[in-house]
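Biologist: I am new to this structure and would like to go through it with you. Could we look at it together?
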Amino acid sequence: MKRVSVKIAYIGEGFNGSQIQPTGRTVESEVLDKLALITKLSPEELDLRFSSRTDKGVNALGNAIAFNSNFDDDMLLLKALNAVGKDIYFRSICEVDQDFNVRYASSRRYRYILPSDGLDVALARECSKIFLGEHDFARFCKPDNKPTVAKVDEITVDKCGKVLIFEFKARFFLWNQIRRMVSAIECVSKGLRTMDDVRRALDSLEEINFGVSRPDALTLLDVDYDWLTFLPADPSQFEDRIREELFRQDLRRSFFDSL
């Protein structure tokens, strides 16, 4: 057998997060089910690993997984997985060494979308700069007994129609970090808090709770490995599912437009 890494995409709705839990359907349990169906390997033989944990409701366009494969043809493996996949899209693949650790990525990139109504866009951009660089994000993450010092490399804020699109880049992010940063930026851009409030919280000078923004507006765009080249699946493998999802959205839009 060989080891491969695959980039997967999914809408977070309908999943109780990415990692297997005692109850509820998760991305990991769904991936394991499809891998077992296609490869006939046991969970122990597959040794499935995820690069990034996503919470309930959070989406992904390029979360990376690694597992053992008994397929000689990587493209055939992707085709088989996409043929049985329902809510998960297996987008690209790369053969890796057996000691490859999928969690050790060069960088991770996320997108968050906020309604722009009532927001001061210039203030949102200025506030986002506070989080750049290395900080102790203890006030901007959910505690999980892990170190809270992290470095944010890039944050962009763009207005597109009626929404603000935030993009974040770092080697790693802490649990809830992006959603808490966005909530703080939103509070400032609405005039509910000041940038000094954010600075004091970030510097651990004051305990300030800015809240946690909604999960379904957050998408893991990609997990980057500078030394790897992933080969994309044939886009036609997704066409039927995409067509059905877009039609369902049109049906919902028609319903709500008629209210």
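Biologist: Let us start with E245. Is E245 buried, exposed or partly exposed?
Modeller: E245 is partly exposed, with a relative accessible area of 31%. Please keep in mind that this is a predicted model.

Biologist: Which residue forms a salt bridge with E245?
Modeller: The partner is R248, and the closest N and O atoms of the two are 3.2 Å apart. R248 is partly exposed as well, with a relative accessible area of 46%.

Biologist: How are E245 and R248 placed in helix α7?
Modeller: They are three residues apart in helix α7, which means that about one helical turn separates them.

Biologist: What else lies in helix α7?
Modeller: F256 is one of the residues in this helix, which covers residues 239-257. F256 is partly exposed, at a relative accessible area of 47%. Together with F255 and L259, F256 makes a nonpolar surface patch of about 380 Å².

Biologist: Back to the charges. How many salt bridges are there in the whole structure?
Modeller: A search of the whole structure finds 25. Among them is the pair D222 and K7, whose side chains meet at 2.9 Å, N to O. This pair links distant parts of the chain, with D222 in strand β10 and K7 in strand β1 (residues 2-10), 215 residues apart.

Biologist: Are D222 and K7 buried or exposed?
Modeller: Both D222 and K7 are buried.

Biologist: What about E186 and K190?
Modeller: Their side chains also meet in a salt bridge, at 3.1 Å, N to O. E186 counts as buried, at 19% relative accessibility, whereas K190 is partly exposed, at 43%.

Biologist: Which residues are linked in a network of salt bridges?
Modeller: The network links R25, E30, D33, K34 and D87.

Biologist: Now the strands. How do β5 and β10 pair?
Modeller: Strand β5 (residues 107-115) and strand β10 (residues 218-224) pair in the antiparallel sense over six bridges. In this pairing, R109 stands opposite D222 of β10.

Biologist: And how does β5 pair with β9?
Modeller: The sense is again antiparallel, over eight bridges, and β9 covers residues 163-170. Here L114 stands opposite L164 in β9.

Biologist: Where does L218 lie?
Modeller: L218 lies in strand β10 and counts as buried, at 6% relative accessibility. The C-alpha atoms of L218 and R111 are separated by 5.8 Å, although the two residues are 107 apart along the chain. Leaving aside neighbours within four places in sequence, L218 is in contact with several residues, including V58, N59, Y110 and I178.

Biologist: Let us turn to a loop. Where is N176 placed?
Modeller: N176 is in the loop between β9 and α5 (177-189). At 12% relative accessibility, N176 counts as buried. Beyond its neighbours within four places in sequence, N176 is in contact with D55, F140, K142 and V212.

Biologist: One last topic, the cysteines. How many disulfides does the structure hold?
Modeller: The structure holds zero disulfides.

Biologist: Is C141 buried or exposed?
Modeller: C141 is buried, with a relative accessible area of 6%. C160, by contrast, is partly exposed, with a relative accessible area of 47%.

Terms used:
Residues are numbered from 1 along each chain as its sequence is written. This is a predicted model: local features need pLDDT of at least 70, side-chain atom pairs count only at pLDDT 80 or more; totals for chains, interfaces and linings use all residues. Side-chain values use heavy atoms; hydrogens and water are left out. Two strands pair if DSSP finds at least two bridges between them. Helices (H or I, at least four residues) and strands (E, at least two) are DSSP runs, numbered from the N terminus. A disulfide is a pair of cysteine sulfur atoms within 2.5 Å. Buried means under 20% relative accessible area, exposed over 50%, partly exposed in between (1.4 Å probe, protein chains only). Patches are made of residues with over 30% relative accessible area and no salt bridge: like charges are joined within 9 Å, nonpolar side chains (Val, Leu, Ile, Met, Phe, Trp, Tyr) within 5 Å. Accessible areas come from the Shrake-Rupley method with a 1.4 Å probe; for residues, only the protein chains shown count as cover. A salt bridge is a side-chain nitrogen of Lys or Arg within 4 Å of a carboxyl oxygen of Asp or Glu. Contact means heavy atoms within 4.5 Å.
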